[in-house]
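Here is a short briefing to read alongside the model. Keep the 3D view open and find each element as it comes up.

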Amino acid sequence: MTSFVLRRLVSLAFTLLGGFTVLFVLFFALPSDPAEVIAGGNGKNPPQSVIDNVTRKYHLDESIPKQYVRRLWETMTLSGESFRTREPLSDTVADRLPNSLRLAIWAMAIEVTVGVGTGVLSARRRNSLVDTASTLGTAIVSAIPVFVLAYLLRQVTGVYAFQHQWPEWARLPVLSEADRGWYLGIIPNLDQLEQIIQPALVLASVSTVVVARLTRTTMLEAAGSDHVRTARAKGLKERQVLSRHTLRNALIPVVTFVGIDFGTLVGFAILTETVFGWPGLGSRVARAAGQSDLPVVLTLSMVVMALYGIANLIVDVSYAKLDPRIRLGGAR
Amino acid sequence: MTLLDPHSVPSADQSLLEAGPGRSLAQDAWRRFRRNRLAMFGLVLVAFLVIVALVGPFVVQDPTKFSKTVFKEPPTNQHLFGVDHRGADVLANVVYGIRLSLFIGIMATVLETVIGILIGAVAGWFGGFFDTVSMRLVDVMLGIPYIILAYAFITVLGRGVLAVILTLALTAWLQTARTVRAGFLQAKELEYVEAAKALGVGQWRIMWRHILPNVFQPVIVLVAVGVGSAILAEAALSFLGVGIQPPEPSLGRMIADSQSHFATAPYLLIFPGLAIIITVLGFLLVGDGLRDALDVKDT
Amino acid sequence: MAAPLLEIGDLRVGFRTDDGLVQAVRGVDLAVAGGEVVAVVGESGSGKSVTALSVLGLHPHHRTEIGGTISWQGEDLLAASPERLRQVRGGEIAMVFQDPLTALNPVHTVGKQIIEAVRAHRDIGKAKAKERAVEMLGLVGIPQPQRRVDMFPHEFSGGMRQRAMIAMALSCEPRLVIADEPTTALDVTVQAQVLELLVESTHKVGSAVLLITHDLGVVAGLADRVAVMYAGRVVESATTPELFAEPSHPYTIGLLDSLPRVDTDVDEELRPIGGQPPSMLAPPSGCAFHPRCPYASAEHGCMHALPELDDRRHAAACWRRDELAGLRAAVTT
């Protein structure tokens, strides 16, 4: 077990190094003059003096290998700073990482409860209408761009709800601002709940329909499996057959998906956070990207990738608990 | 062999459920696809969009012509989808936006598929160093959040239609390459491939004639779904301001540009939004239908 | 024969499919008395497994049509309430399935699955139930049952897994064990062992056995009586010695001829039955076996009239039953 985790951590480190290399090559090695990109932002033509300044400040005149080591060190120690705002990246991460995690965790909670619940219910009422509706529903939700969904939701709860005097609970403020001081880091008070519910819903939307459909498929598969027939044949009550045999087995792939998806939630939050102005890593990356603030994009991307990798590791470890056939000692 | 060996006698219920004799795989798949109402609905959507993209420009107004007097006007008879905050006809922009979305989606997917098949085929067939390196690269790139990866590529490639197509293709070949490689690894062990090798048929010829047709099915599903994802990704990039640049019309950018006007002019969100949704939905449904019709396992 | 424990009368089972109704079972009569070992033999698709599953109502409800009677100690199981059916399942009639790898839940230990079965029918605590599980594993010859009880199915070999399955089936001392091809999925080397163990250990517990198999060969030493099924019907039913001595249906004759035997010349060829089993969507008219029967003749009605199982003690369903012996001699010489 320990050796498995260690081995996975080493492999994660190599993956992160690979990811860093890909991004480094794209940002600093391939552009003919990265200083121009950083200084120029949105295709403006910066004066030569600014370019020279940037070149010196970021040591862009050094050889590529030297720069690689310098950036790697800077990223690992979070010692870089934003070109635009001069904000040290260690502060940025410390400020925004908790918000990103809160959003991802709440989105995951929605994904699991709503997704698994719907999936189990629709698997029990098995007929072509539910089939069609779930396929169509999944396709529609997957086809809606996150930003369209987000704006529509804001439009309804933030504008129409106020214009048309909807009940208090349906009116949600348009601008959200995550205060510090959540209980235990993740439990919001009422105001905070009002602010997190919309971005969490939007962020969870696609994953939720995927989980619902996955649960439905695996439930039907498990329900038709031989061992469920055995469970019934030995005289278990239907409730026991469902919970101990059908659901228990059907949830294994669902748990895997949800875990891997946690990383995706953190990554995909870029669009959601941007639309709602949620002060997480994603909205900061988007802003930095728009401003060509390469050091910020590079460092924060690596933080997101590391979260993704750690989430996957946790899934793999818990997977072995859920499915005894998986042995952690063995190769993948 | 005894007659009652269960493996030698096809069971009655099994032989019943299989397709009738003499039907080719493609015909059989098409029969199943046609029976799938949602897939057919998706196909109708795609056909409709193609017609809009081809015929639309002859019908609608010039999307780059800005009125000097009318701004933010709700839908009227002259402007069926209304006029935006710059004075441009929304319908014309939506039609041209769909046209460009389809063009970008299809071009990027074609390119992505070619790259994916090449890399997957070579990695799967020859194995060795190239296989190790390319599959490690795939792992690493799949570990980078998609939007960030796309952003990194577009930083290098610049802005505009070509840059977007290249970015989408260079970030989307990963799944195709994995699928093709897996298909090749499987096919390499098949007896007829071994036989062809023993007969001295050239490697490239075996790959082309005997193995590619086998990996064709999952790839065709990836293509259909891929067009939808590419269109969605283009909209997201343009929404973030790093994709299609003016004066080219883009659905994603239309939404980003008019976001401060939604409270008073919701049609500026609804029409381009619906256009993206319908376009992506069409391709996703066709992809789903193909997956079922060709009986491809989910990846 | 004593009053039967289980009496199946005119059982009909059909499955609704996209292509129509598959008539898997078309009027089966079968009885099992207390302590008896009855074998049902037939090809895949003959309806033998469907019959077995029908006894405990284990078919998917939404596409199954079922008719006839299944009488369990005088009580009609087809009309039983879900709760009563649950009590019968595992408590009075237990099942052993074909493939122990898929029939056991991979995520629970073998012990937990036996404990579950015991506690479904007996009001005892977990510790007591576990003792029972260990005892049962020992009974079926699993070494170190105290240790094995906490292991998962994938940690067992195929034969051991099926032994565990048998232990589970016997844990509540059922009056009847239905074994559906219990050794088909196992390694050939352990098949005989497991079958013997099945009959032996059910004997110890005092259960009757309904053994479903495609292999007439395994029946010889184990079963008291044999029913041969073809195309959803019983075509011959007799005590085992009688059946082997004087097979009275052309299909049974075909089966016996296709078996390797130790007591004949090595030179003698095995003769498989020609043709394919019939489609159960549209079974052949008349005797379902006529397209493959070497003795079928229109004038005897084989092509258009369905022969019923006659009511002799050694029953068979063939229009030319009484001529068979002579016909057979004519063909083989």
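Two strands count as paired if DSSP finds at least two bridges between them. The model is a predicted one.

- Strands of a sheet pair through backbone hydrogen bonds, either parallel or antiparallel.
- In chain C, 4 strands form an open sheet, and the pairing is antiparallel.
- The order of the strands is β2-β1-β4-β5 (chain C).
- β2 (20–33) and β5 (75–76) of chain C are at the edges. Each has a single partner strand, so one side of each has no neighbour in the sheet.
- β1 (residues 4–17) and β4 (residues 64–72) of chain C pair over 8 bridges, in the antiparallel sense.
- Ile8(C) sits opposite Ile70(C), which belongs to β4(C).
- Helix α1 (residues 48–55) of chain C lies across β1, β2 and β4 of chain C. This helix runs at about 115° to β1(C).

**A helix pair in chain A**
- Two packed helices are described by the angle between their axes and the distance between the axes.
- Helix α11 (residues 281–290) and helix α12 (residues 294–322) of chain A have axes that come within 9 Å and cross at roughly 150°.
- Because of that angle, α11(A) is roughly antiparallel to α12(A); the cut-off for this label is over 145 degrees.
- The crossing of α11(A) past α12(A) is left-handed.
- From α11(A), the contact uses Leu281(A), Arg284(A), Val285(A), Ala288(A) and Ala289(A).
- From α12(A), the contact residues include Val296(A), Leu300(A) and Ser301(A).
- By class, the contact of α11(A) with α12(A) has 9 nonpolar, 1 polar and 1 charged residues.

**Where chain C touches chain A**
- How many residues of chain C are in contact with chain A? There are 24, and they contact 17 residues of chain A.
- The elements of chain C that give two or more residues to this side are α2 (82–91), β6 (93–96), α3 (100–103) and α4 (110–121).
- α2(C) gives the most, with 5 residues.
- The side of chain C that touches chain A holds 13 nonpolar, 7 polar and 4 charged residues.

**One residue in chain B**
- Arg86(B) is in the loop between α3 (37–59) and α4 (90–126) of chain B.
- Arg86(B) has 13 other C-beta atoms within 10 Å, so it is partly exposed.
- Arg86(B) and Ala265(B) are 179 residues apart along the chain, and their C-alpha atoms are separated by 13 Å.

Definitions and conventions: Residues numbered from 1 in each chain as written. Chains lettered and ligands numbered in written order. Predicted model: local features only at pLDDT ≥ 70, side-chain atom pairs only at ≥ 80, totals over all residues. Axes fitted to C-alpha atoms, helices over the stretch in contact; angles between N-to-C directions. Parallel < 35°, antiparallel > 145°, perpendicular 65-115°, else oblique. Left-handed = near helix turned anticlockwise from the far one by under 90°. Contact = placed C-beta atoms within 7 Å. Nonpolar A, V, L, I, M, F, W, Y, C, P; charged D, E, K, R; others polar. Buried ≥ 20, exposed ≤ 12 C-beta atoms within 10 Å, placed from the backbone.
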